[in-house]
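Please keep the sequence and the structure in view while reading.

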Amino acid sequence: MALNARLDHRNPLVFDTHELGRRPGALQRLTREIDAPKDLGIQGVIGVPEGAPVELELRLESVMEGVLVTGTARARAKGECVRCLEPLEQQLEADFQEMFSYPDADDRGRVKAEPADDAEEDEDMLFIEDGLFDLEPVLRDAVVLALPMQPVCQDDCPGLCSECGARLADDPAHHHDAVDIRWAALQGLAGSLEPGEKDEISGADAEAGVDEKQEK
């Protein structure tokens, strides 16, 4: 990816490495609580609400080619059960590790004679710019990987009734009497007739049955 441009040190997800320096082996541990940025999670499925607290624990290690960042993010994620559609919450813990490279060093940490002009080589790299790095893209990727693609309120959630949409967990005995579709039309017709008309139809059916037996 391209080098970070004009990073704002006031952004809570931008970190300063000046104190760490470029001494290989130097370590720095940081803890920080931030407000979750917008759309942190799997959009439309589950994620950390914008502004919700996110706890970060970071370990910054200076290496020849840059700064290796290892950390954990903790927060409460909210979403909707894919089976019963009820709101749900779950604790999120996302681990990550990423290398932020010095833009003026090659893969062995030596200062480059000339800036590299290979866009494909830099496509997947993250860089330190003026001693700062932006953790947001790393955090987003880690959160998405840590969240379930199909969240459920409980592992054995039975979901919704396919016929009426009732939540089955609220009524384990919920069921519908099976009706043979071949008789559904006749039942509807019977319900619309007067008692006398029903008797006439029943009598006619009985006579038809007797005639059929006599013919046999």
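**Strand pairing and helix packing**

Strands β6 (residues 66-80) and β7 (residues 87-101) pair in the antiparallel sense over 15 bridges. Helices (H or I, at least four residues) and strands (E, at least two) are DSSP runs, numbered from the N terminus, and two strands pair if DSSP finds at least two bridges between them. The model is predicted, and local features need pLDDT of at least 70, side-chain atom pairs count only at pLDDT 80 or more, and totals for chains, interfaces and linings use all residues. Residues are numbered from 1 along each chain as its sequence is written, and side-chain values use heavy atoms, with hydrogens and water left out.

- The hairpin formed by β6 and β7 has 6 residues between the two strands, and L85 in the turn has a positive phi of about 65°.
- Within this pair, V67 stands opposite F100 in β7, and V69 has E98 as its bridge partner in β7.
- Strand β5 (residues 53-63) also pairs with β6 in the antiparallel sense, over 9 bridges.
- A hairpin of 2 residues joins β5 to β6, and the bridge partner of E61 in β6 is L68.
- Strand β4 (residues 46-48) runs antiparallel to β6 and is joined to it by 2 bridges; here I46 has G79 as its bridge partner in β6.
- In a regular strand the side chains alternate between the two faces of the sheet.

**Strands β7 and β8**

- β7 pairs with β8 in the parallel sense over 2 bridges.
- F100 stands opposite L126 in β8, and V67 is opposite F100 as well.

**Helix α2**

- In helix α2 (residues 136-146), the buried residues (under 20% relative accessible area, with exposed over 50% and partly exposed in between; 1.4 Å probe, protein chains only) are V138, L139, A142 and V143.
- Seen down the axis of α2, these residues fall within an arc of 130°, so they line one face of the helix; the arc is that of the directions from the helix axis to the C-beta atoms.
- The face turned away from the buried side of α2 carries the exposed residues D141 and L145.
- The buried residues of α2 pack against β2, β3 (40-42), β5, β6, β7 and β8 (126-127).

**Residue T17**

- T17 is found in the loop between β1 (14-16) and β2 (27-35).
- T17 counts as buried because its relative accessibility is 6%.
- Not counting residues up to four places away in sequence, T17 touches L60, V67, I128, G131 and F133, where contact means heavy atoms within 4.5 Å.
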